[in-house]
Amino acid sequence: MTESEKLHNKRVQKISAQLKKFYKQKKKVRIYHGSTNSTRTQEFKKDEIVYITDLNNVIEVNPKEKYAVVESNVPMDKLVEETFKFGLIPPVVMEFPGITVGGGIQGGAGESSSFKWGLFHHICLEYEMVLGDGKIITASSKKTSDLYWGTACSYGSLGIITQVKLRLISAKKFIHLTYHKVNSFKESIKSIEEASRDSVDFIDGILFSKQTGVIMSGKFSDKKDAPVVTFRKAIDDWFYVHAEKIIKKHKKWKEIIPLKDYLFRYDRGAFWAGNYAFKRSRIPFNRFTRFILNPLFKTRTLYRFLQAINISQRQIVQDFCLPRESVLPFLELVDKMTNIYPIWICPGWVAKKYDKLSPGYLSNNFIIDIGVWGKTQGDFEHLVKLNRDLEKTLTEYKGRKVLYAHSYYPKDEFWKIYDFKWYEKLRKKYKAEKVFPDVYEKTKVSKKYNVSITKGLLNVIKSPFKLPIN
Ligand SMILES: Cc1cc2nc3c(=O)[nH]c(=O)nc-3n(C[C@H](O)[C@H](O)[C@H](O)COP(=O)(O)OP(=O)(O)OC[C@H]3O[C@@H](n4cnc5c(N)ncnc54)[C@H](O)[C@@H]3O)c2cc1C
């Protein structure tokens, strides 16, 4: 046994001991891993949490069989750093460097390679998990397969994932990215369909308005046969700003982007969510101010502020997965109901047969995710109503939300979307009921959070890098 395996086993035993204690006490617990990319306000009470913060090691990279064994709190940037030493990366890498392996599996994460590979949990081969009663087990598509499928997108409500064996693919130094300008929602969907028929590795798009957008398709490449652009340095443009400039000048444009700059291209500014902070604090939004304030606008810092200030409930932050035939009418409705732009548009996210909690568990195998993130008019009550209207409309259009954000479904409506009987059976079988809140309890927002910038700033000063524990 290697030193890192020994260390890992010790850590897992500690988690198991914590859970055994809580199981005896019948006490519901939250999983604390130090950070979050979910926008729901997270509250952690000292005597109601299981710590998994130190599960952050890459245990093995096997270049021959192309897999990695990693602890579940490893974030995306560390994972890519370690695997790319061998010329390999996971086929799905979430766009924010701080999203963890465990959080990605539990939160239904996907990205621009999802049209080819599915969601992050689809590239995971095996989980080591600690169940509610402290028992340590392994789950894969062959062994304990009901738990393997059930735990994905369950928001930690079926057990704690401590270790993951995941698939790797060969990668190249660059991504050759082609920008295709589109002039309507209809054209954007057509352009995505066309791109997915080509042999590309990545597809996503940004809609800047009802009339203007860009669909971007990427391919691994070792050649520098087009202009090279980067997105991780303070001096670089934020990616969406750059993309908008490109389509103002060109109908079609090609560029070379270094691999990590491409994978984490939306980190600075959290896509465009960071723009709101400029507006709210009345700081001009230009290259100079973005350069000066760069450290504050990487997603890890932005999320720390977002959680501390409690501001996300005052915005619409939602990802909606829709079957192909509903995408166009739903986009039209989102335009009318919110007028929020830019909108992110990303194909893929299709669930597998037993993947019942997945946002992609829909009646079609061409799914598009629509990310609507931004401020709209109206007070808090109006925003809650708007969220509810969007939830109801989404159900009518046979779509599902990604549950990382604010969810306002009444209980009966929620359990009409998800298979309650199947889920409860799993929770009983794997001893989750006494210790882990269920997925509805974990994702439903029933409170109005107080926004306080001063309190938030003090909170960040007290605990700059980790979520506070009360
Ligand atoms: C503006 C915006 C854009 C986004 N864009 C993308 C995107 O492009 N692609 C994408 O994939 N996602 C995106 N997300 C969502 C993000 O991927 C999910 O929120 C993801 O689940 C976050 O992972 P995390 O590591 O931060 O975990 P958290 O958010 O902290 O946790 C998610 C859930 O998993 C549970 N959990 C965490 N670790 C474990 C574990 N080891 N075992 C069991 N349960 C665990 C937590 O308790 C929680 O319920 C976006 C979110 C926002 C707000």
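Mentor: Happy to! Let's start with Ile-311, which is placed in the loop between helix H11 (299-309) and strand E14 (316-323). Helices (H or I, at least four residues) and strands (E, at least two) are DSSP runs, numbered from the N terminus. Before going on, note that this is a predicted model: local features need pLDDT of at least 70, side-chain atom pairs count only at pLDDT 80 or more, and totals for chains, interfaces and linings use all residues. Residues are numbered from 1 along each chain as its sequence is written, and side-chain values use heavy atoms, with hydrogens and water left out.

Is Ile-311 buried or exposed? Ile-311 has a relative accessible area of 10%, so it is buried; that word means under 20% relative accessible area, while exposed means over 50% and partly exposed lies in between (1.4 Å probe, protein chains only). Along the chain, Ile-311 and Thr-41 are 270 residues apart, yet 8.8 Å separates their C-alpha atoms.

Another loop, between strand E12 (213-221) and helix H7 (239-249), holds Asp-237. Asp-237 is also buried, at a relative accessible area of 6%. Its side chain makes a polar contact of 3.2 Å with the side chain of Arg-290. A polar contact is a pair of N or O atoms within 3.5 Å; within protein, one must be able to donate a hydrogen and the other to accept it, and residues adjacent in sequence count only if both atoms are side-chain atoms.

Now for the ligand. It is surrounded by 32 residues, and the closest are His-33, Asn-37, Ser-38, Thr-100 and Gly-110; a residue is near a molecule or strand if one of its heavy atoms lies within 4 Å of it. By class, this shell has 15 nonpolar, 15 polar and 2 charged residues. Here Ala, Val, Leu, Ile, Met, Phe, Trp, Tyr, Cys and Pro count as nonpolar, Asp, Glu, Lys and Arg as charged, and the others, Gly among them, as polar. Helix H3 (101-106) and strand E8 (160-167) each supply at least two residues of the shell, and H3 gives the most, with 3 residues.

Look at the atoms too: a polar side-chain atom of Glu-95 lies 2.9 Å from an oxygen atom of the ligand, and a polar backbone atom of Gly-110 is 2.7 Å from a ligand nitrogen atom.
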